[in-house]
Amino acid sequence: MIKSMTGFGKGEALCKDKKFRVELRSLNSKQLDLSVKIPSKYRAAEAEVRAIVTRELQRGKVDCFVSYEDVVTDTSAHINSAMFKTYAEELRKVCQENSMSVADDTLLRTIIRMPDVVTSEEQEVSDEELRAIVEATIQACQQLDAFRVQEGAILINDLLRRIDLIEQYRHEVEPFETSRVDVIKNRIRENIQKLSIDVDSNRLEQEMIFYIEKLDITEEKVRLDNHCNYFREVAASEDAPGRKLGFIAQELGREINTMGSKSNEANMQRLVVMMKDELEKIKEQVLNIL
């Protein structure tokens, strides 16, 4: 099944009073380039998150974002009443000594910012929380994989359509290939007549045959057809054919370039340019295939 390397996936999992969210974004890359951003509190889950993403996604530039939010109103924050009272008494005493008046709300905001007045109890990370992160990661990978499959179907349909166009242009070359032989022979004879020299007609015919054989593109056409068929075969039978399709596209380019250098005819060269145009689009799209 053809898959794109571009995609997005999101997974969520609940655990007690927290909701964990994992988001994955993927772009094309030759290898797996994975970046994981996870709260330091849950750093213990990073190794397993990386292992899951590596196993499921294989290739691509992948950004993984792990986050969480509290789903209840309870808080671990604690106000130290004794410390609050001490700061309040000391502040009022200083204000009285300096003949200053301070409103209660101003005094409250000041005390709350003082050290050790508000403390937060650090809760130990449970195994259930780590499992929730793993569950959200698996969901995100599954969603991203489904996105890749959908995108891959669009990509391969476009690629196969362009392969069909290359074959079509290849067949359109043949009528011009046949007619150009007479054109080339007449051009050689006309140029020799302009020189006004005696030429052995048998030797001239042999040289023209040798010259025309060098311009023959039969082998290139056969290899081009074989590469097009192989492209379709690989696309239909392999799960992650991106690299192989890229190599086949390079071979297509070699045959098309050779046909262009041998064409020696305006209509053939025009068709070769059209084949090259389709091939460049194929090369660009193949880079996005897993």
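Start by selecting Glu255, which is buried at a relative accessible area of 7%; buried means under 20%, exposed over 50%, and partly exposed in between, with a 1.4 Å probe and protein chains only. Keep in mind that this is a predicted model, where local features need pLDDT of at least 70, side-chain atom pairs count only at pLDDT 80 or more, and totals for chains, interfaces and linings use all residues. Residues are numbered from 1 along each chain as its sequence is written, and side-chain values use heavy atoms, with hydrogens and water left out.

Helices (H or I, at least four residues) and strands (E, at least two) are DSSP runs, numbered from the N terminus.

While you are here, select Arg170, Glu174, Glu177, Lys221 and Asp225: salt bridges that share partners join these residues into one network.

Arg223 is partly exposed, at 32% relative accessible area. Glu220 also forms a salt bridge with Arg223, the closest N and O atoms being 3.7 Å apart. These two are three residues apart in helix α6, about one helical turn. Glu220 is buried, with a relative accessible area of 4%.

**Lys221**

Stay in helix α6 (residues 218-237) and pick Lys221. This lysine is buried at 10% relative accessible area. Which residues touch Lys221, leaving aside its neighbours within four places in sequence? Show Arg170, Glu174, Glu177 and Met259; contact means heavy atoms within 4.5 Å. For a distance check, take the C-alpha atoms of Lys221 and His171: they are 8.8 Å apart in space, although 50 residues separate the two in sequence.

**Along helix α4**

Next, select Arg162 in helix α4 (residues 127-195). Arg162 is buried, with a relative accessible area of 12%. Beyond neighbours within four places in sequence, Arg162 is in contact with Glu278, Lys281 and Ile282.

Helix α4 also leads you to the sheet: the helix lies across β1, β2 and β4, running at about 155° to β1. Axes here are lines fitted to C-alpha atoms, for helices over the stretch in contact, and angles run from 0 to 180 degrees between N-to-C directions.

**The sheet**

Colour the four strands that form an open sheet in the order β1-β2-β4-β3, with mixed pairing; two strands pair if DSSP finds at least two bridges between them. At the edges stand β1 (7-15) and β3 (32-37), each with a single partner strand, so one side of each has no neighbour in the sheet. Neighbouring strands are turned by 15° against each other on average, direction ignored.

Zoom in on β3 and β4 (residues 60-70), which run parallel and are joined by six bridges. Val36 has Cys64 as its bridge partner in β4. Helix α1 (residues 46-57) lies across β2 (18-27), β3 and β4, at about 145° to β3.

**Last stop: Arg55 and Glu56**

Select Glu56 and Arg55, which form a salt bridge with the closest N and O atoms 3.3 Å apart. Glu56 is partly exposed at 38% relative accessibility, whereas Arg55 is exposed at 53%. The structure holds 30 salt bridges.

Technical notes
A salt bridge is a side-chain nitrogen of Lys or Arg within 4 Å of a carboxyl oxygen of Asp or Glu.
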